[in-house]
Amino acid sequence: MFSQIAFFLLQNPLLKNFFTGDIYRGRLKMLCTPGLNCYSCPAAVTSCPVGAMQLFLAGAKHSVSLFVTGFLVTSGVAFGRLICGFVCPMGLLQDLLYKIKAPKFKARFRYIQYIKYLILALFVMILPFAVRNELSGLGSPWFCKYICPAGTVFGALPLFAANSFLRGFAGVQFAFKLMVASAVLSAAILNYRFFCRVLCPLGAFYSLFNRTAFIKIRFNCEKCVSCGDCSKACHLKIEPPLELNSPECMRCGNCIRACGSSALSYKSERAKS
C-alpha cells in the first residue's frame, strides 16, 4: 500500500491543483505514466498511456507519436501486470475501497474477464481510428469519453468541484460516466479490483506479457508443502502453484507473503529457476 501511495504522489505531485482546478500543461505531459492516470487529473504531470494511444490512432499527431506504443510494450515486457499491482492509481483507489467493511464476493470471473480485451480492441483501438469527424477528420478517444472511471474520479469530479464555470457544461454524457464510475467503485467494495479484472484495457494489454515479462513470480516445488496458504491469500482466486504468472495475476505479493516455506518469490528473467 505504501508503494502504491508513493507512486500515486510521484505521478500526481501537484496536489494544490485539486483546490484551484488548474491542469498542468507543461512539457512533462508529453510523457506517459505506465498506470491509468488521467491527463485531466489536476495533480497529474504526465499523460495516461491509454488516452495517448487513442489520440494517436484518432490522428492527433501534433502531441502524440509512436513512442506511446513503444513505451507500453517496453513496460509490458519488463513488468507485465506488476504495474497494476503497484503503480496504477486506479488500483490504489480500489484497494482502499476494498478495505471498507462489507460482504465480500470472491468470484473468479472466468468468462466476463475477457470483456477488458474487447474494450481494448474496440474502444481504444478500432473506434478512435475508424470513426472520424467529417469536418476535422479526427477520431475521438472513445474509452476516455464514454467509459473511463479514472478520468471521472481523478479528473472530472475534482475539476467540477473547484470550477463553477465547468459545472455548467456537465450534461448527459457526464451523467452517464458518473453512473459508470459509481458502479465500478461500488463493485470494488464488494469484489477485489473489479475494474482491473473485467473492464480495464490497460490491464488487458499488460496481461498479454505476464507470462514472459522480465519480472515474474518464481515457484520452487521442492520447498512447497502443499498447505494452500498462497491460494487462500489470493484475492483473485488464482492458485499460484498451478497458474503461475497467470494473465490475471497482478503480482501484488500476497501469495509470497503468505507462503511460510518461501516456495514463492519474485524473480527476474536472468535469475535461475
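Start by selecting Gln4, Asp95, Tyr192, Asn254 and Arg257: of the 14 residues that line the second largest pocket, these lie nearest its centre. A pocket here is an open set of points on a 1 Å grid over the protein atoms alone, with protein on both sides within 12 Å along at least five of seven lines, and lining residues have an atom within 4 Å of a point. Now colour α1 (2–11), α5 (82–86), α6 and α15 (254–258), the elements that give two or more residues each to this lining. Helices are DSSP runs (H or I, at least four residues), numbered from the N terminus. The volume of this pocket is about 270 Å³, where a volume is the space filled by probe spheres set on grid points joined across faces, edges and corners. Its lining has five nonpolar, five polar and four charged residues. In this scheme Ala, Val, Leu, Ile, Met, Phe, Trp, Tyr, Cys and Pro are nonpolar, Asp, Glu, Lys and Arg are charged, and the others, Gly among them, are polar.

A word on what is on your screen: this is a predicted model, in which local features need pLDDT of at least 70 and side-chain atom pairs count only at pLDDT 80 or more, while totals for chains, interfaces and linings use all residues. Residues are numbered from 1 along each chain as its sequence is written, and side-chain values use heavy atoms, with hydrogens and water left out.

**The largest pocket**

Next, select Cys38, Tyr39, Ser40, Pro141 and Cys144, which lie nearest the centre of the largest pocket among its 35 lining residues. About 910 Å³ is the volume of this pocket. Which helix gives the largest share of the lining? It is α9, with six residues. By class, the lining divides into 21 nonpolar, ten polar and four charged residues.

**Along helix α11**

Stay with α11 and select residues 172–190. Its 19 residues reach 28 Å from first C-alpha to last, close to the 27 Å expected at 1.5 Å a residue; the expected span is 1.5 Å times one less than the number of residues. Now pick out Phe174, Lys177, Val180, Ala181, Val184, Ala187, Ala188 and Ile189, the buried residues of α11. Buried means under 20% relative accessible area, exposed over 50%, and partly exposed in between (1.4 Å probe, protein chains only). An α-helix has 3.6 residues a turn, so residues three or four places apart point the same way.

**Aromatic rings**

Move on to the aromatic pairs, of which there are eight. Rings of Phe, Tyr and Trp (its six-membered ring) pair if their centres lie within 6.5 Å; planes under 30 degrees apart are stacked, over 60 edge-to-face, and the rest tilted. Select Tyr114 and Tyr117: their ring centres are 6.1 Å apart and their planes stand at 35 degrees, so this pair is tilted. Tyr114 is partly exposed at 48% relative accessibility, and Tyr117 is partly exposed at 22%.

Then try Trp142 and Tyr146. Here the ring centres are 5.4 Å apart with planes at 50 degrees, so this pair is tilted. Trp142 and Tyr146 are about one helical turn apart because four residues separate them in helix α8. Trp142 has a relative accessible area of 22% and is partly exposed; Tyr146, at 28%, is partly exposed. For a cluster, select Phe205, Tyr206 and Phe209.

Select Asn17 in helix α2 (residues 17–20). Is Asn17 buried or exposed? Asn17 is buried, at 3% relative accessible area. Leaving aside neighbours within four places in sequence, Asn17 is in contact (heavy atoms within 4.5 Å) with Asp22, Tyr24, Pro42 and Ala43.

From Pro42, jump to Pro201: the two are 159 residues apart in sequence and 23 Å apart in space, C-alpha to C-alpha. Pro201 belongs to helix α13 (residues 201–207) and is buried, with a relative accessible area of 1%. Show Val50, Lys116, Ile119, Leu120, Val124 and Phe143 to see what Pro201 touches, not counting residues up to four places away in sequence.

**A last look inside**

Finish with the cavities, sets of points where a 1.4 Å probe fits but cannot get out. There are four of 30 Å³ or more. Select Ile217, Cys234, Pro240, Cys249 and Cys255, which lie nearest the centre of the largest cavity among its 17 lining residues. The space in this cavity is about 150 Å³, and its lining has eleven nonpolar, four polar and two charged residues.
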